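Student: I would like to go through this model by question and answer. Can we begin with the nonpolar core and then take up sheets, rings and charges?

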Amino acid sequence: MEEVCEGKDFCFPSQEEQILSYWHQIDAFKGQLDRTQNMPEFVFYDGPPFATGLPHYGHILTGTVKDVITRYKSMTGHHVTRRFGWDCHGLPVEREIDMKLGIMRRQQNLDMGIEKYNEECRSIVTRYVDEWEKIVTRTGRWIDFKQDYKTMDLKFMESVWWAFSELYKNNLITNGLKVMPYSTGCKTQISNFEAGENYKNVSDPEIMVAFPIVGDPDNAAFVAWTTTPWTLPSNLALCVNAKFVYVKVRNKYSRKIYVVAESRLSELPTEKPKSNSSKGPSGDSKKSKSKGSSGEKTKDSAADSFEVLEKFSGASLIGKKYEPLFNYFLEFSDVAFRVIADNYVKDDSGTGIVHCAPAFGEDDFRVCTKNQIINKENLIVAVDEDGCFTEKIADFSGRYVKDADKDIIEALRAKGRLVKHGTFTHPYPFCWRSDTPLIYRAVPSWFLRAEILKEQLLENNKQTYWVPGYVKDKRFHNWLENVRDWSISRTRFWGTPIPVWISEDGEEEIVIDSVATLERLSGAKVSDLHRHNIDHITVPSARGPEFGVLRRIDDVFDCWFESGSMPYAYIHYPFENKELFEKNFPGDFVAEGIDQTRGWFYTLMVLSTALFKKPPFRNLICTGHVLAEDGKKMSKRLKNYPSPTEVINNYGADALRLYLVNSPVVQAGTLDFKKHGVFGVVKDVLLPWYNGYRFLVQNAKRLEYEGSAPFVPIAATALQKSSNVLDQWINSATRSLVHFVGEKMDAYLLYTVVPYLLKFIDNLTNIYVRFNRKRLKGRTGEEDCRMALSTLYNVLLTSCKVMAPFTPFFTEVLYQNMRKVSDGAEESIHYCSFPREEGKRVERIEESVTRMMKIIDLARNIRDRHNKPLKTPLRGMVVVHPDEDFLDDIAGKLREYVLEELNIRSLVTCKDTLQYASVRAEPDFSVLGERLGKSMRAVAKEVKAMSQEDILAFEKAGEVIIATHCLKPTDIKLLREFKRPDGMTNKEMDGAGDGDVLVVLDLRPDESLFEAGVAREVVNRIQKSRKKAGLKLTDMVEVYFESLDEDKSVIQQVLNSQENYIKDAIGSPLLSSDSMPIHAEVICEEVFRGIYNMSFKISLVRAAKGNATLASYAG
């Protein structure tokens, strides 16, 4: 292995760049695919993004999740094809072109020409492909950009045609007029699930309008409420609820007479007395404001302002005629302008009377059709594709509907029809692409009949596994429960054309399932399936020449239909790869953001269920949203987040990957992105890991410098037989790491891995390396040193393989150096198999070492309380615990580590927990609360009252019955508190416990410990001098000591008695300054004063052959 630099000099980003070059040099990704070619397929579906924008943290997040899983699956014996995909069609692309060319109205598209417009769209769909590839590759993701798929490719589009034709054959396609969410910005209908993507709180006008009842003896008027005044010119009916009670009321002051639901009477405006009141429905209105509803009451109650003239049922109002608001639709007078009834009318808002404009409301259309006011043939949609009134609405023709609200209200006021006018703040849907308000508008559309698939959709959802599970069981399940027929057509230009050809008389309709079929039926040669290349192609009528030809309909597919077809379309099924697809469908894994529950996840599920009666995938990870540090949405305009490139250049891609994976965002939560959080990963995870690796390399190189044979790791099977307890422990802990990570990765629980890794690395560096320094540095003999180094090598190599999917760069860096001492090692760590659990885990020794560290921490706490630094030796300690096995381990295998780490002379164990402690019981409320409910208080009281004898009996039996409830050790916390022996003061003896183990320290001074304390201080100063001089572990130096005291006998006595300790600690004898050669090269020289009231000088001298150190060893 080659020497490595210090952690402070290790640049993660530049090392990653070098690894990228190495991967490119060996074509590593292809190499991995080639090596796994004959292994079982693991099918991963990559949702296609649009390449019209640059990747952001959301893309990097899902890309990292995908890369971690697919790398892991490759290492566990699978062939994982990974092809990048691009969403090329649809509104995102068209919207950009419209903005670029200043297109505001649909006619401008047609005037420009579909061919020119589509080629403009084609020109931008791959605008940022190079930038995407650069950023995705830099994050460490392995995916094939050369063999990418695009939804605009002919093969992909042909598979989409096939899918549609199959749905059509199975009677799952229908077409007709339906009121749909409509984007006036994009000039097309959108799906119901798209309509829910972008709600905003807006203030809309709310008005109450009078509709005089024809022939009413009191000149009464129905009052209806609306927040869409622009729909009133198209009013054809009023709808009531037949079950409601309605009232005819007269205003006591204005004498106006209205009909409303009794439960909504309070919503009518109150009026104060006027000098000249008028009868009838005409007159001015009061203006009001409301937020969230129209239900704010005025100071005067309705009861004070109105008198009830009559009560009647809603059913009795059915058929009553009223005077139209406008005269635009008088041709419908025979059947329209009457009252109808339906249960969709509610009494939680408005007046209990709903105005119906059937072209602009789903329920309006339904009830007006049901009551034969209109039908699909005679419905007039008086708003065009751009959202402007047609000539039918003569007074407002050409006006954008939302802009016309004010003038419509004023027209109603002038007619005396305005009862109330105010504003209403409520959530309102906006187009997810153009960010313009949606309207509902009747449009002809093609539908996939998803509603009849509901039960099968719900069943298929049950067959899938999601992380987190609640998104599947709640959010997605609820969405499927309310599934609606899916409008799959768009009245646009840049998309896959819907392959339906219809005769001029509408009697003949065919669906084309392939390019070959179209060529055969039309006689034309087809090389591209976009509108401008096929709209001119006609198909002769099968009924004969006299019936003319069939022409394609104008619509294109919703781009969600295309992305939902990805599992088969990207491999051109069924025209190619038939066996590959059918053998490996459903796919094994997908991962995208939580917003895709109503997007890609939904369309995948609908199409898969409709075509194959199966779910489209087996496993899914749903990610959340990455927000700016302040919890707000990341904004380029506000510049409230660092760019991904900046973060990667500063800290490296591995750190960013671990930061994202170790956050709530991989559990569909949110992450407030903090740059220093990425730095925290470098500091807390990667650097300690690197330092453990560096320590291995340094000591392996030391063997060579000392003239020994180069380091070659001992076989892993031999390492399992090591008699050293910490070797046994770290080997077992490594097997636990392999088991844990494998188990969690198989369950797709990525977020559990990093905390476990962090603890493992902490244990490796702060327990194994720290406590084994003597062995690793060769102070216990070369054979033992090689065993320890080999163990460390094996642990680091195994941990690198385990973590390779998470940190592909860093693990490759370490692996490339470590593989130099291992014959037959793979060319890349990513060609290696995921480690297997070799040997058995020794849970007892893992638990004992964990407790040992608790003991050390508790003892350090006692030292800190009494200002006794570790350099001060103490007489002894007592470890108190009821577990004999643990006490045996502490008093036996682990004893020397505890004593040396804590600088204590003796250690005794005590099984009698009451000798040094009192014990009390506390109920674990977090465990028992939900289980016991109301009984919790009584049980808690009895648990707290348990005597020492009761507690000991409970410990022995493992359970206790309290208030008829059987409590186990997991239900009760046993807290041991130190009880000082009689005759001892706090300064002489102190203890500390954590509820499990108790540590007692003897703090009494002892002159016999003086010499050990001085020696420890001398060693400490020597080590600090080495560090100050910038010496490496392998740098050999001679250490000279000179006493500066008048009486040198005291320090000399210490050096004589502690000679072996000092020699072991610094790796060489401590030499007298008198023996320093005259021409010695002094590297560092320092004077220390006041150390146990003594002063001395330390000199570090460059070692030379025939030096004093070697002479001392020889002597």
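Student: In the largest nonpolar core, which residues touch the most other members?
Tutor: This is a predicted model. Its largest nonpolar core has 135 residues. Those that touch the most other members are Phe673, Trp689, Leu726, Met818, Met852 and Met877.

Student: Leaving aside neighbours within four places in sequence, which residues is methionine 818 in contact with?
Tutor: Met818 is one of the core residues that touch the most other members. With neighbours within four places in sequence set aside, the contacts of methionine 818 are Met1, Tyr693, Leu696, Tyr793, Leu796, Leu797 and Cys800.

Student: How many residues are in the second, separate core?
Tutor: Among the members of this second core are Phe156, Phe476, Val515 and Ile571. The core is separate, and the number of its residues is 69.

Student: Which residue in E39 is the bridge partner of valine 1087?
Tutor: E38 pairs with strand E39 (residues 1094-1102) in the antiparallel sense, over seven bridges. For valine 1087, the bridge partner in E39 is lysine 1097.

Student: Turning to the open sheet E20-E19-E22-E21, which residue in E22 does proline 540 stand opposite?
Tutor: The pairing in this sheet of four strands is antiparallel. Strand E21 (539-540) stands at an edge, as does strand E20 (509-511). E21 and strand E22 (residues 549-552) pair over two bridges. The residue opposite proline 540 is valine 549.

Student: Which helix lies across E19 and E20?
Tutor: The helix in question runs at about 130 degrees to E20. It spans residues 154-169 and is helix H8.

Student: Are the rings of phenylalanine 589 and tyrosine 748 stacked or edge-to-face?
Tutor: The structure holds 63 aromatic pairs. In this one the ring centres are 5.5 Å apart and the planes are at 20 degrees. Planes under 30 degrees apart count as stacked, so the rings of phenylalanine 589 and tyrosine 748 are stacked.

Student: How many residues apart are phenylalanine 589 and tyrosine 748?
Tutor: Phenylalanine 589 is buried at a relative accessible area of 0%, and tyrosine 748 is buried at 4%. Phenylalanine 589 lies in strand E24, whereas tyrosine 748 lies in the loop between helix H25 (725-746) and helix H26 (753-771). The pair links distant parts of the chain, and the separation is 159 residues.

Student: Which residues are linked with Lys66 in a network of salt bridges?
Tutor: Lysine 66 meets aspartate 46 in a salt bridge at 2.6 Å, N to O. Glutamate 592 also forms a salt bridge with lysine 66, at 2.7 Å between the closest N and O atoms. Lysine 66 is in helix H3 and glutamate 592 in strand E24, 526 residues apart. The residues linked with Lys66 in the network are Asp46, Arg141 and Glu592.

Student: Are glutamate 592 and lysine 66 buried or exposed?
Tutor: Buried means under 20% relative accessible area. By that cut-off, glutamate 592 and lysine 66 are both buried.

Student: Why are glutamate 410 and arginine 413 separated by about one helical turn?
Tutor: Glutamate 410 forms a salt bridge with arginine 413, with the closest N and O atoms 3.4 Å apart. Glutamate 410 is partly exposed at 41% relative accessibility, and arginine 413 is partly exposed at 26%. They are about one helical turn apart because they lie in helix H12 (residues 405-415) with a spacing of three residues.

Technical notes. Residues are numbered from 1 along each chain as its sequence is written. This is a predicted model: local features need pLDDT of at least 70, side-chain atom pairs count only at pLDDT 80 or more; totals for chains, interfaces and linings use all residues. Side-chain values use heavy atoms; hydrogens and water are left out. A salt bridge is a side-chain nitrogen of Lys or Arg within 4 Å of a carboxyl oxygen of Asp or Glu. Buried means under 20% relative accessible area, exposed over 50%, partly exposed in between (1.4 Å probe, protein chains only). A nonpolar core is a set of buried Ala, Val, Leu, Ile, Met, Phe, Trp, Tyr and Cys residues joined through side-chain atoms within 4.5 Å. Contact means heavy atoms within 4.5 Å. Two strands pair if DSSP finds at least two bridges between them. Rings of Phe, Tyr and Trp (its six-membered ring) pair if their centres lie within 6.5 Å; planes under 30 degrees apart count as stacked, over 60 as edge-to-face and the rest as tilted. Axes are lines fitted to C-alpha atoms, for helices over the stretch in contact, and angles run from 0 to 180 degrees between N-to-C directions.
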